[in-house]
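Subject: A structure for you to look at

Hi,

Here is the structure I said I would pass on to you.

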Amino acid sequence: MRYELLRILLVDDNHYMRVLLAEILRAIGVIHIFEANDGAEGLQAMRDNAIDIVMTDLSMQPLDGIDFVRLLRNSPDSPNQLCPVIMITGHSTFARVSEARDAGVSEFLAKPLTARGVIERIHQAVEHPRTFVRTEDYFGPDRRRRNDPGYVGKRRRATDPAQQKFG
């Protein structure tokens with residue numbers, strides 16, 4: 001992967017976390033790193049710069065990571081609705097992860113951060129992007145990560161094969 005071509009936006013209200021992330025990114029060859037203190041600044045940075053990947057913290061004030069992603073995905077004046085978003089969180093409870101996933105997050109990265117974790121999430125976002133889905137109440141990356149041929153539940157995508165019958 002040509003990391004030097006990536007333009008990555010770091011959105012976090014903790015200056016030290018942004019410094020740590022920026023150093024990890026520089027160590028792997030990323031040159032174009034942009035920073036924002038919160039979601040509102042992040043949206044403005046995306047309007048001012050072509051961004052390839054956003055890495056955002058979940059918990060920020062006044063606009064947190066989940067609200068930031070909702071605005072990015074659904075606002076009519078969004079600078080880039082399809083931009084991959086890697087959510088960084090120390091609060092990896094099922095409820096918070098589900099809330100972020102339902103807002104349209106592409107990938108998750110749990111704290112404490114490691115260089116390997118950062119590289120893996122960036123690689124996943126770039127090399128294996130998920131298709132985007134639009135429904136009445138959701139727009140974002142397909143939340144289904146794999147196609148399970150043994151799944152016998154209800155299929156809800158228009159592109160899914162015909163409904164399977166239960167015996």
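Strand β4, helix α4 (residues 94-103) and strand β5 make a right-handed β-α-β unit. Right-handed here means that, with the strands pointing away from the viewer, the path from the first strand over the helix to the second runs clockwise. Helices (H or I, at least four residues) and strands (E, at least two) are DSSP runs, numbered from the N terminus.

Before you go further, please note that this is a predicted model, in which local features need pLDDT of at least 70 and side-chain atom pairs count only at pLDDT 80 or more, while totals for chains, interfaces and linings use all residues. Residues are numbered from 1 along each chain as its sequence is written, and side-chain values use heavy atoms, with hydrogens and water left out.

Back to the two strands. β4 (residues 85-89) and β5 run parallel and are joined by four bridges; strands count as paired if DSSP finds at least two bridges between them. Which residue in β5 is the bridge partner of Met-87? That partner is Phe-108. Buried means under 20% relative accessible area, exposed means over 50%, and partly exposed lies in between (1.4 Å probe, protein chains only).

Next, the cis peptide bonds. Most peptide bonds are trans. In this model, a cis bond joins Lys-111 and Pro-112, with omega about 5°, and Pro-112 lies in the loop between β5 (107-110) and α5 (115-127). Another cis bond joins Gln-61 and Pro-62, with omega about -5°. Pro-62 is in the loop between β3 (53-57) and α3 (65-74).

Now for the charged side chains. Side chains of opposite charge can pair when their charged atoms come close. A salt bridge is counted when a side-chain nitrogen of Lys or Arg is within 4 Å of a carboxyl oxygen of Asp or Glu, and the count comes to twelve salt bridges.

In helix α5, Arg-116 and Glu-120 lie four residues apart, about one turn of the helix. They form a salt bridge, with their closest N and O atoms 3.7 Å apart. Is Arg-116 buried or exposed? Arg-116 is exposed, at 64% relative accessible area, while Glu-120 is partly exposed at 41%. Glu-120 also meets Arg-121 in a salt bridge (3.7 Å, N to O), and Arg-121 is partly exposed at 23%.

Salt bridges that share partners also join Asp-67, Arg-70, Arg-96 and Glu-99 into one network. Arg-70 is partly exposed at 35%, and so is Asp-67 at 31%.

Finally, have a look at Ser-78, in the loop between α3 and β4. Ser-78 is buried, with a relative accessible area of 16%. What does its side chain reach at 3.4 Å? The side chain of Ser-78 reaches the backbone nitrogen of Asn-80. Ser-78 also touches Leu-71 and Leu-72 (heavy atoms within 4.5 Å), not counting residues up to four places away in sequence.

Enjoy exploring, and write back with any questions.

Best wishes

Methods
A polar contact is a pair of N or O atoms within 3.5 Å; within protein, one must be able to donate a hydrogen and the other to accept it, and residues adjacent in sequence count only if both atoms are side-chain atoms.
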